[in-house]
Protein chains: 2
Amino acid sequence: MAPGFSNQKSGAGESPRSVHVNNPHLDSMKEDVLYHFNLGTATQDLPAMFGDVKFVCVGGSAWRMKAFVQYIAGELGFGDPKADYPNLCAGTDRYSMYKVGPVLSVSHGMGIPSISIMLHELIKLLYHANCSDVTVVRIGTSGGIGLKPGTVVITKQSMDASFQPKLEQVILGKTVVRSTDLDEELAEELLQCGAELDEFETVIGNTMCTLDFYEGQARLDGAFCSYTEEDKLNYLGEAYAAGIRNIEMESSVFAAMCKLSCLRAAVVCVTLLDRLKGDQLTSSHDVLNNFQQRPQMLVGHFIKKQLKASQKS
Amino acid sequence: MAPGFSNQKSGAGESPRSVHVNNPHLDSMKEDVLYHFNLGTATQDLPAMFGDVKFVCVGGSAWRMKAFVQYIAGELGFGDPKADYPNLCAGTDRYSMYKVGPVLSVSHGMGIPSISIMLHELIKLLYHANCSDVTVVRIGTSGGIGLKPGTVVITKQSMDASFQPKLEQVILGKTVVRSTDLDEELAEELLQCGAELDEFETVIGNTMCTLDFYEGQARLDGAFCSYTEEDKLNYLGEAYAAGIRNIEMESSVFAAMCKLSCLRAAVVCVTLLDRLKGDQLTSSHDVLNNFQQRPQMLVGHFIKKQLKASQKS
């Protein structure tokens, strides 16, 4: 059983890379139930289970995050890529979580609210486990703007539907604005990894994060649509002019919450289609599957490089 | 292979209970790929598969929606409750879908964006399948305010974090306000079913729908918390005064989209805890499991009654 925990852990003030929680109430809690993970400080020894985590990769699909941990096990030589890695959140179907060596792979479902619940509990998990120097990368899928399908976009800034780099968080009924800045140096390192791999196109661009897949992303194929194709193309054109190269549904709250917790963070999404040319995903299953592996390959290469560098130093 | 389809299907103007799509662009599409269901008009015969659907039950958890279809199969005498009903969305892990007789059971994940994607594709599915007289019920879990845990709340109005009965939908970067009215008569019928069952408390009340589980619902146990316990209790007290009896994360967009599509809709959620007394879910697994079955039992009873009544008439 894990002991009680404190907000003021040793070294929290000295190291810029420890995981921060900003909640004085946590001090007075005897235990912390991470409900949507089916984990807790009184039921698991979180430092023993997770204390060595240095890289967390998160993505919408539970299947993809399981495939990622298998891929990374093979790439890093930590285990058999065909092994059946256990789901550490086995008692719930809200999220899935897998671990191999210093790499944690967690699913987050679709949309800001779904990833936000996961991140609250992930940040507390990393904090309770006394993790430090953690890098978090979202690997996902997205719609591209003016890019060849299959291009991987590393997010410079996550923007809202008005092309502003901010997240509006409602707290007690009032709106608080949070920054969605990501780590620029990390983005450049990831771009460099893309160049080294040289297997697909990788670019840095702004990412629009919306609350809705159909009307919120100017699609013409939802159950409701009150605008014309010209309206759609004008809107996407304005987005392109604001530096936006892809659209997804989680990056803004991901960036905001990682920043508040002093976690080094990046968003790496492949584009499944060019929204200037259509709305529906009509590529074959095999082609889409191949596209979805690209962020995994990029981040796998990055982690391998980082681990090699840390072994040398 | 299903033929092309039209927005103006026969009888659409005469029957108030046909499923409406409000999208002129659908007329010109040769096929419609319901991507997140892994279904489509060119790959499946949707009228043959779904044309007889009269009740759709939706809920966050894929496991719960599978359990629901097994429960309803037994209750209605349509099949073995222990049978392994196939997932009709088997090629994707975004949502799960099960069917027995006229009842469709679909999972929607957590939060407004996640259920919104599902509802766009569900409404189009019902439309393509020529369904009519469809009732949709969300069966879920929630946090209660001033209610004994385990109480089932049937939603009168779904309210936002400022206690207003509306949904702000962003379309092409601009905010459109939508009504979140639900069917009052259906709510009363469901309340009557609760009285008939007489196995747990059932009430009608307003439901607050938030974009966030922690800060958005005034919890003190998230990774971030900038307010005091007094602030929290004041906020929840104001919510109670506005008639709010429970808090969840999907009802507003569910109500708004069902209303736009002329679907008779209700929200039936069990409360897992009383938020005036705490934030964490510390009840035993068995107790929480029992609570989660209550909306299923209530809606099962309702469907049984409806089918009996339609057989008589």
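Predicted model: local features only at pLDDT ≥ 70, side-chain atom pairs only at ≥ 80, totals over all residues.
Helices, of at least four residues, and strands, of at least two, are DSSP runs numbered from the N terminus. The UniProt annotation "domain: Nucleoside phosphorylase", taken from an unreviewed entry, covers residues 54-304 of chain A. That span is 35% helix and 27% strand, and its end C-alpha atoms lie 12 Å apart.

Chain A as a whole contains seven helices and twelve strands. Its radius of gyration is 19 Å, close to the 20 Å that the globule rule gives for 313 residues, so chain A is as compact as a globular protein of that length. Further values for the chain are set out below.

| Property of chain A | Value |
|---|---|
| Span of the C-alpha trace along the principal axes | about 60 × 50 × 35 Å |
| Buried share of the 313 residues | 58% |

Among contacts between residues at least 6 apart in sequence, 76% join residues at least 24 apart. Chain A carries 28 positive and 36 negative side chains, and the centres of these two sets lie 3 Å apart.

One residue may be considered in detail. Q292(A) belongs to helix α7, which comprises residues 285-312 of chain A. Q292(A) counts as buried because its relative accessibility is 17%, the cut-off for burial being under 20%. Beyond its neighbours within four places in sequence, Q292(A) contacts R64(A), T141(A), V270(A) and L272(A), and also Y35(B). The C-alpha atoms of Q292(A) and C57(A) are 14 Å apart, with 235 residues separating the two along the chain.

Notes. Residues numbered from 1 in each chain as written. Chains lettered and ligands numbered in written order. Heavy atoms only, no water. Rg over C-alpha atoms; globule rule 2.2 N^0.38 Å. Buried < 20%, exposed > 50% of the residue type's maximum accessible area, 1.4 Å probe, protein only. Contact = heavy atoms within 4.5 Å. Lys, Arg positive; Asp, Glu negative; His and termini not counted. Charge placed at Lys NZ, Arg CZ, Asp CG, Glu CD. UniProt positions renumbered as here; feature names shortened; annotations may be inferred.
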